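Keep the model open beside you as you read.

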Amino acid sequence: FSGKLIAKKAPDLILDAFARLPERRRASSRIVFLGSGVMLDELRTRAGQFPGRVDFPGFVNQRDLPGYYLAADVLILPSRRRGETWGLVVNEALHAGCGVIVSDAVGSHREFGSWERARVIREDDAEASARAMEELAAFPRSFDWCAEASGKYTVAAAAEAIAAQF
């Protein structure tokens with residue numbers, strides 16, 4: 001997870017989903033919450049049920065994010081319908097070869113939801129989140145599984161598309 005630890009981003013849903021995973025999956029997985037916010041203490045308390053499985057590095061400067069994405073297998077952005085118009089962290093994670101799980105409240109779900117290693121869950125659906133975690137865990141790590149498709153979502157591609165309008 002990468003973002004503000006606030007209710008509209010629904011980071012608590014990740015812990016709800018993690019609790020639903022089989023013990024063997026939890027034992028071989030780790031959750032990393034990048035960011036800070038008003039839910040930090042609540043999340044830390046709830047993470048206590050998974051000793052050694054949940055990390056809170058805090059706020060991470062944008063220039064340091066690529067290393068976290070490259071170390072991750074999956075980004076989860078389970079936002080609620082309170083203003084997640086796109087979810088730029090999804091683009092960032094895809095460029096690093098991560099699979100993604102996003103709620104249907106994240107604007108980019110319409111664009112990326114049909115991709116091989118992307119799953120769209122209903123808002124606040126922890127059970128579907130757990131299933132998506134299991135499904136994406138079955139894929140071997142690949143840093144370039146979506147390199148070709150995500151190439152059209154670069155700054156240069158956006159600039160070219162804007163320039164083509166004039």
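Asparagine 91 is buried, with a relative accessible area of 9%; buried means under 20% relative accessible area, exposed over 50%, and partly exposed in between (1.4 Å probe, protein chains only). The model is predicted, so local features need pLDDT of at least 70 and side-chain atom pairs count only at pLDDT 80 or more, while totals for chains, interfaces and linings use all residues. Residues are numbered from 1 along each chain as its sequence is written, and side-chain values use heavy atoms, with hydrogens and water left out.

What does asparagine 91 meet in there? Its side chain makes a polar contact with the side chain of tryptophan 86, at 2.6 Å. (A polar contact is a pair of N or O atoms within 3.5 Å; within protein, one must be able to donate a hydrogen and the other to accept it, and residues adjacent in sequence count only if both atoms are side-chain atoms.) Not counting residues up to four places away in sequence, asparagine 91 touches Trp86, Phe112 and Tyr153, where contact means heavy atoms within 4.5 Å.

Asparagine 91 is found in helix H5. Helices (H or I, at least four residues) and strands (E, at least two) are DSSP runs, numbered from the N terminus. Leucine 94 is in contact with Val100, Phe112, Trp115, Trp145 and Cys146, leaving aside neighbours within four places in sequence.

Now turn to the sheet. Three strands form an open sheet, ordered E3-E4-E5 with parallel pairing; two strands pair if DSSP finds at least two bridges between them. Strand E3 (74-77) and strand E5 (118-121) stand at the edges with a single partner strand each, so one side of each has no neighbour in the sheet. E3 is joined to strand E4 (residues 99-103) by four bridges, and leucine 75 has valine 100 in E4 as its bridge partner. Helix H5 (residues 88-95) packs on this sheet, touching E3 and E4.

Finally, look at helix H3 (residues 40-47), whose buried residues are Leu40, Leu43 and Ala47. Seen down the axis of H3, these fall within an arc of 65°, so they line one face of the helix; the arc is that of the directions from the helix axis to the C-beta atoms. On the other side of H3, Asp41 and Thr45 are exposed. Helix H1 (11-20) and strand E2 (54-58) are among what covers the buried residues of H3.

Key
Axes are lines fitted to C-alpha atoms, for helices over the stretch in contact, and angles run from 0 to 180 degrees between N-to-C directions.
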